[in-house]
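Please look over the sequence and the model below before reading on. The explanation that follows takes the parts one at a time.

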Amino acid sequence: MMMRTVRYEKPDAGKTLREIAGCVTAIAVADGADVQSVDYEKLAARLEQDGQVFK
């Protein structure tokens, strides 16, 4: 009988946070706004487009 091994890698939360921060910064610069003022809907749409789960 052949046994298979399944390997699970924990997601890198730091990488995800860096990607979100970079995305927020890019939107803020493009809009000429503060990072805190970035539109949530615009951010969510951009992150979904980039393959991030953000809901």
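This is a predicted model: local features need pLDDT of at least 70, side-chain atom pairs count only at pLDDT 80 or more; totals for chains, interfaces and linings use all residues.

Residues are numbered from 1 along each chain as its sequence is written, and side-chain values use heavy atoms, with hydrogens and water left out.

The secondary structure of the protein consists of 2 helices and 0 strands, where helices (H or I, at least four residues) and strands (E, at least two) are DSSP runs numbered from the N terminus. Of its 55 residues, 20% count as buried, a word that stands for under 20% relative accessible area, with exposed meaning over 50% and partly exposed in between (1.4 Å probe, protein chains only).

Helix α2 covers residues 40-49, and its buried residues are L43, A44 and L47. Seen down the axis of α2, these buried residues fall within an arc of 100 degrees, so they line one face of the helix; the arc is taken from the directions that run from the helix axis to the C-beta atoms. An α-helix has 3.6 residues a turn, so residues three or four places apart point the same way. On the other side of α2, E41 and Q49 are exposed, and just after the helix G51 takes a positive phi of about 90 degrees.

What do the buried residues of α2 pack against? They pack against α1, which spans 13-31. The axes of α1 and α2 come within 10 Å and cross at roughly 125 degrees, the axes being lines fitted to C-alpha atoms, for helices over the stretch in contact, with angles from 0 to 180 degrees between N-to-C directions. That makes α1 oblique to α2, since angles under 35 degrees count as roughly parallel, over 145 as roughly antiparallel, 65 to 115 as roughly perpendicular and the rest as oblique. Where the helices meet, I20, C23, V24, I27 and D31 in α1 face K42, L43, R46 and L47 in α2 through contacts, meaning heavy atoms within 4.5 Å.

C23 lies in helix α1 and is buried, with a relative accessible area of 6%. Leaving aside neighbours within four places in sequence, C23 is in contact with L43, R46 and L47. C23 and L43 are 20 residues apart in sequence and 7.4 Å apart in space, C-alpha to C-alpha.
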